[in-house]
Structure formats: structure tokens, C-alpha cells
Amino acid sequence: MKVYVELKRGFPVNADIQKAIDGFESLVYDIVPFQHSDIIMGKYDFAALKNVFVGSIDTMTALFKIIGKYPEPIDYPRFVLHGDILTRTVIKVTLKDLINCYYDSEIFIKPVKTKLFDGMLVTKKEDLNYFKGYEEELVWVSDKIDIISEWRAYVHNNKLVQCSNYAGDFTLAPVYIYIQKLIEDYEQPPVSYTIDVAVLKDGRTAVVEFNDFWAIGSYGLDSTKYTEMLRDRYFQIVGG
């Protein structure tokens, strides 16, 4: 079996790709290197339907779009937006509309398109200059919440396999019953995904967002498990 991994000047383009290489080697895959330019030129269009490809977010975005398999973002599944789970208001608007109606308040903005740009806390009108050039893009806009600890829950085949602290006080664990309820209520989820949750200043656990596994880092996840989750989601996307 083969896995194609993105290298730049002979090295993995980031630490997560090195972890994927370690995991695929443990599963006895042959490692085949490629470069971003190979994807742009369409060199591996057919191979991408039958073999796993692992690369940077920019490269994988390009690959999925070229082969017509780009997945819809999963940031806020319907049951989250339309239920009573969120501790804040979350809406989807274009940046242009947001800029036109913004008044000084603290809001968090992130793109609807996966990793189009970094999310950002906006506190004044001048902060919106950061998004120049993206005015026509859709964004998620949410109220600021008082987060003191952030965790990433890894879900594979509808089972919670790990929960890792990635910001804030690591001694403050989330309520796992809350996370399990999110997993149970998610209808037709991807085979592999993550849920970011926060421990708030008032002690509650709140969902921050969901993340598709093709565009996610390992955050301490075992290399073999990380590989299995990448592989399973990749083939679910491309239909191989």
C-alpha cells in the first residue's frame, strides 16, 4: 500500500505530516513523496482517488478542488446552530455586510471556508482592516465568551478516542458527558473529526467549533491513531 506525502526541499512541510509518516510506516505503507506543484499540474489526479494523500491545508484544498471532491465545512452542524447547545449567538454573514453594520463590540470572526484565514477577536472597527480583500467571503460571527481552558476532542467512528488541552489552564478538564452528548446528537458525521470545547470562567463547558479531520493537527494524538483517522476520512471524501 502507498501513501503520498508532501515534502518541501526533501523534508515534511510541517510536524503533523512527519507524525503521519511515522504512523503510515508503522502500518507498513510505502511512502511516496510529492510537491505542491505536482498537485497543481494534475500529476496525481488518478492516483488521488486510490491512494491516501497527506499535505498542508493549501495543498489538500487544491487537490480536493481539482478532483472535484472538496468537502463542505462542518464548523457548526445544524443540531448545534438550531438547538440549545451554544452558549452564544453564532451567525453567518458576508464580511462586507458585517463591516457595513458593525458597531464597537467584542466579536469573534472566522471564515466559513476551511482555514481561509485565521480567526480573530475584533474589538473595534479598525480591526476589520485585517480582512481586506475578503469582503465577499462568508464568515461565522459569534459573541465573545470568557474561555479559561480549551480542549480538542478527537472522534473516530462515533467514539471519543482522545481529548487534548491546546490552550489555557490544562488542569481544568471539560465535562465529558457534554462532549459525549455532542457526539451522540451529531447525525451523519464524518468518520473522523474533532470538537473544540472550552471551559468557561463560570465553570461551564461550551462547544467552540467542529473540525473536519483532513485539515486538523495531531495535538499529541498517537501517530498510528492519527494516521488511521486521516486515512479513513480521506477515503470517505474521495470515495475510494
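Predicted model: local features only at pLDDT ≥ 70, side-chain atom pairs only at ≥ 80, totals over all residues.
Residues are numbered from 1 along each chain as its sequence is written, and side-chain values use heavy atoms, with hydrogens and water left out.

Q: How far does helix H7 reach from its first C-alpha to its last?
A: Let's start with the helix itself: helices are DSSP runs of H or I with at least four residues, numbered from the N terminus. H7 covers residues 223-238, which makes 16 residues. The expected span is 1.5 Å times one less than the number of residues. For H7 that expectation is 22 Å, and the reach is close to it, at 22 Å.

Q: Where on H7 do its buried residues lie?
A: Buried means under 20% relative accessible area (1.4 Å probe, protein chains only). Among the buried residues of H7 are Tyr226, Met229, Arg233 and Ile237. Seen down the axis, the buried residues fall within an arc of 165° (taken from the directions from the helix axis to the C-beta atoms), so they line one face of the helix.

Q: Which residue follows just after H7 with a positive phi?
A: Look just past the end of H7. The phi there is about 80°, and the residue is Gly239.

Q: How many residues of the lining of the largest pocket are charged?
A: Asp, Glu, Lys and Arg count as charged. The lining has 49 residues, with Lys115, Arg152 and Glu209 among those nearest the centre of the pocket. Beside 26 nonpolar and 8 polar residues, the number of charged ones is 15.

How values were computed
Helix = DSSP H or I, 4+ residues; strand = E, 2+ residues; numbered from the N terminus. Buried < 20%, exposed > 50% of the residue type's maximum accessible area, 1.4 Å probe, protein only. 1 Å grid on protein atoms, 1.4 Å probe; cavity = no way out; pocket = protein on both sides within 12 Å on 5 of 7 lines; lining within 4 Å.
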